[in-house]
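Me: Please take a close look at a single part of what is shown, and describe it in one connected answer. I would like the cut-offs for each term as it comes up.

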Amino acid sequence: MSLSRFMDLADFSPAEVEELIALADRLQRHPEPKALDGKILGLVFLNPSLRTLASFQAGMARLGGSSFVITPGQGTWGLETRMGVRMDGAAAEHVREGLPVLASFCDALGIRAFADGKDLNADIDDSTFKSMAALVDKPFINLESAINHPCQALADWKTLNDLAIAPRSKFVLSWVPHPRALPLAVPAAALHMAALRGHDVVVARPEGFALPSAIMYRARAAAALSGGSVSETNDRAEAMQGAQVLYAKEWGCTSHYGDAAMDARLRADFSHWQVTEESFAGAMADCRLMHCLPVRRNVAVAENVLDGHRSVVLKEAHNRLVVQMAVLHRLLA
Amino acid sequence: MSLSRFMDLADFSPAEVEELIALADRLQRHPEPKALDGKILGLVFLNPSLRTLASFQAGMARLGGSSFVITPGQGTWGLETRMGVRMDGAAAEHVREGLPVLASFCDALGIRAFADGKDLNADIDDSTFKSMAALVDKPFINLESAINHPCQALADWKTLNDLAIAPRSKFVLSWVPHPRALPLAVPAAALHMAALRGHDVVVARPEGFALPSAIMYRARAAAALSGGSVSETNDRAEAMQGAQVLYAKEWGCTSHYGDAAMDARLRADFSHWQVTEESFAGAMADCRLMHCLPVRRNVAVAENVLDGHRSVVLKEAHNRLVVQMAVLHRLLA
Amino acid sequence: MSLSRFMDLADFSPAEVEELIALADRLQRHPEPKALDGKILGLVFLNPSLRTLASFQAGMARLGGSSFVITPGQGTWGLETRMGVRMDGAAAEHVREGLPVLASFCDALGIRAFADGKDLNADIDDSTFKSMAALVDKPFINLESAINHPCQALADWKTLNDLAIAPRSKFVLSWVPHPRALPLAVPAAALHMAALRGHDVVVARPEGFALPSAIMYRARAAAALSGGSVSETNDRAEAMQGAQVLYAKEWGCTSHYGDAAMDARLRADFSHWQVTEESFAGAMADCRLMHCLPVRRNVAVAENVLDGHRSVVLKEAHNRLVVQMAVLHRLLA
């Protein structure tokens with residue numbers, strides 16, 4: 001399998017995903033500290049980061065390469081991402097110049113750019129991100145776009161492997177509370193990952209927070225190929241019956257997407273969607289809690305669950321480094 | 001040619017510039033990934049950056065060295081640059097301590113510090129920058145000062161070489177619109193570069209935006225040695241007759257330097273100085289558009305020109321990396 | 001001496017400190033550019049930095065390793081440090097996840113987290129910092145906590161060695177003016193360092209700014225073991241009689257700790273505590289000025305003293321790099 005862009009886990013067959021994870025495992029057992037000798041990764045963060053920022057720098061260093069970080073608005077001027085505009089506002093540089101220039105300084109480029117959160121279809125199409133990616137003529141990595149987070153999805157898949165969680169087991173993707181409307185990137189990516197891995201996936205979310213039908217449709221198609229299934233419900237307690245995994249994630253209201261006031265009004269009623277130990281009633285005894293982090297303690301998930309035996313959130317985060325090294329190796333070695 | 005400070009392209013003869021560019025070409029053809037093994041470059045940005053920030057880190061990495069970045073006000077406290085003051089304001093540290101300390105941690109130091117934009121003579125003298133540079137007892141690089149940007153000028157010279165543009169051809173440095181008054185560093189550096197390379201340089205700018213006479217005088221002296229010429233006009237259409245290069249650049253009003261209200265009033269009348277395809281009427285058929293970036297699309301330059309066949313702005317930007325590697329090699333290898 | 005945490009210089013005997021400094025000296029004479037090949041240092045700055053930020057990156061590079069920097073609030077979301085809270089505020093991530101995750105990406109982690117400045121006992125206990133450090137299962141470095149700055153103390157000790165200043169000589173730690181209440185970390189660390197090195201230490205400070213008794217007690221115990229002494233006074237002129245070192249430092253009012261209005265009222269009367277050449281009347285002819293930097297020129301210390309023959313502030317700062325390389329070597333080689 002050759003690789004020049006890591007944009008979406010859905011671009012890979014399950015066998016290709018396993019091949020990437022096998023490479024990650026091999027690099028853990030047999031480090032290759034010179035594999036990317038002299039190679040340079042450029043990292044552009046249009047939004048904040050902790051895991052991605054640290055793990056990509058660490059991953060390049062572990063393989064003998066190096067990296068530079070550009071954070072528009074912090075040490076670098078703001079970057080305009082809209083095409084065709086008259087640039088008389090705050091942004092001093094357009095991505096049409098900025099991204100090709102940065103790409104010309106490095107061997108691979110990664111970009112993080114969250115959803116605008118205004119136009120649902122535009123965010124689902126990932127049109128802004130795709131037009132940015134199209135400006136880069138080097139190996140490219142999606143560090144989280146409007147609707148995708150393939151590095152997280154790959155790390156989560158490996159985490160399920162590490163825990164020997166069987167593909168056909170029940171995987172509940174549950175909406176959880178948060179003070180604000182967060183993007184759909186991680187829930188969409190986690191749903192697709194679990195479907196592609198062949199799980200029986202149930203999306204549990206309150207009314208008003210259903211994942212868009214395009215996302216559900218795509219996941220169902222993946223599940224069909226892998227022998228899994230995808231369903232949805234607003235009854236999490238029922239969904240949790242027999243669950244092997246509870247994947248908790250915050251996201252914004254989709255029935256009134258981009259309407260902050262309505263989003264706030266709707267979510268005000270759903271603070272009881274916080275994950276507590278009681279949420280696991282009827283689940284498998286060893287049902288796991290997954291979350292991509294960062295997580296709001298005692299808002300999204302109760303502290304004792306996060307710190308308890310079910311939680312594998314730190315393992316997921318560490319796997320970010322592990323699987324990204326495989327992606328970097330495949331793109332650049 | 002030995003080199004311990006890269007402060008101003010005017011410190012070099014044309015032959016010495018060509019020698020630096022020949023080294024850049026050689027490093028492109030025959031990379032030296034261990035040339036700066038273990039060497040450390042310190043980068044201090046008192047103002048934002050994209051190209052300089054990324055390309056110097058990439059250049060050090062390509063040569064086997066490494067770098068650290070200090071951005072006062074962002075992760076580092078504000079640095080006071082005025083000498084002799086009582087420090088009871090916002091800045092917690094003075095450059096008199098900060099810069100020697102940083103220099104003592106690395107093998108070469110680069111500093112970016114834009115013009116204050118208040119006192120024209122102080123900015124032309126580059127007095128603040130020179131006093132900062134004097135505090136550094138290590139190889140030193142000007143990453144853009146109040147009145148100079150030698151890395152850009154060197155990259156532009158190489159770009160002209162790459163395009164086989166003849167020294168005596170006509171080079172029009174044109175003022176273009178921008179929402180705010182920008183510094184004189186790049187226009188001064190580009191003018192001097194073109195004069196030193198032997199071009200017939202015409203500075204085209206509206207009334208109120210003439211480059212200071214000291215800058216013009218210095219460029220004329222360089223032109224005299226190199227067989228070129230320097231003139232100025234407020235009629236860009238005329239200037240463009242027979243032009244081989246249009247170098248577009250934004251800068252602030254000089255007749256009322258530092259007066260933001262007057263600057264805004266004056267520039268309000270000159271939005272038609274935006275470069276469009278029509279601006280090239282009467283120019284050579286293959287007349288090029290140059291710009292140091294960042295550029296305001298559809299304000300300074302029309303989008304179709306930026307994206308069209310005349311534009312060499314991405315080549316100029318990539319050459320930043322290429323020539324800076326030669327500067328680093330000369331300073332540190 | 002094995003080392004897995006560099007938390008507090010008080011954890012070391014004088015002989016162990018000298019052993020670390022001997023390693024620092026050796027690494028200066030005989031560089032080991034491959035000692036930390038492939039090793040990665042994570043640096044987390046909850047507060048601004050200049051020396052620490054630059055010198056740790058440079059130190060890792062000098063030893064063949066690399067580093068990444070995380071600055072919550074700047075490119076990374078805010079980190080919550082309080083335990084047990086409901087996270088419905090500004091901070092998106094808790095250190096309970098953030099720190100173990102970052103530690104899992106690197107071989108050693110350093111954290112800077114200044115005092116809250118509200119509860120004196122909590123700050124003296126360094127409870128927040130210790131609970132953060134407890135989350136990290138990798139070699140750990142205190143980059144300045146609420147009450148400690150061991151890297152600065154170690155650099156200062158080496159500076160005293162370099163200057164051949166005898167242990168039993170008189171060391172005056174003097175409060176100096178500053179616009180705001182600064183933390184107690186450096187004065188506490190400098191006091192302990194000087195006591196542990198065996199000096200006759202006098203803490204000179206105005207009424208209301210006495211160092212907390214727990215700090216004084218701990219220093220007296222160290223002095224007793226090393227043959228030195230610790231006393232305090234509000235008469236700096238008297239303290240300076242026969243002094244070999246004047247260590248100037250700003251800190252906040254302790255009699256009304258955390259009360260900004262009272263702090264401001266008290267300090268308003270003490271601008272004459274600025275160190276001037278006159279402050280050295282009665283001191284040894286070669287009495288030195290030490291300061292950890294950053295320093296407010298003409299507020300804390302007069303410019304002519306900072307730039308004069310007594311000042312060793314740049315030597316102290318450069319020694320930060322030198323001794324930290326020894327710490328890194330001991331932790332990671």
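Reply: Helices and strands here are DSSP runs numbered from the N terminus, with helices (H or I) of at least four residues and strands (E) of at least two. By that rule A:Arg220 is found in helix H8 of chain A, residues 213-226. This is a predicted model, in which local features need pLDDT of at least 70 and side-chain atom pairs count only at pLDDT 80 or more, while totals for chains, interfaces and linings use all residues. Residues are numbered from 1 along each chain as its sequence is written, and chains are lettered from A and ligands numbered from 1 in the order in which they are written.

A residue is buried if 20 or more other C-beta atoms, placed from the backbone, lie within 10 Å of its own, exposed if 12 or fewer do, and partly exposed in between. A:Arg220 counts as partly exposed because it has 18 C-beta neighbours inside 10 Å. Its C-alpha atom is separated by 26 Å from that of A:Ala113, 107 residues apart along the chain.

Now the side of chain A that touches chain B. Two residues are in contact if their C-beta atoms, placed from the backbone, lie within 7 Å. The contact takes 25 residues from chain A and 29 residues from chain B. On the chain A side, at least two residues each come from strand E2 (40-45), strand E3 (66-70), strand E5 (93-94) and helix H3 (95-103). H3(A) gives the most to that side, with five residues. By class, the side of chain A that touches chain B has eleven nonpolar, ten polar and four charged residues; Ala, Val, Leu, Ile, Met, Phe, Trp, Tyr, Cys and Pro count as nonpolar, Asp, Glu, Lys and Arg as charged, and the others, Gly among them, as polar.

Next, how chains A and B are related. The copies use different surfaces, as 4% of the contact residues of chain A recur in chain B.

Chain A also meets chain C, in a contact that takes 25 residues from chain C and 29 residues from chain A.
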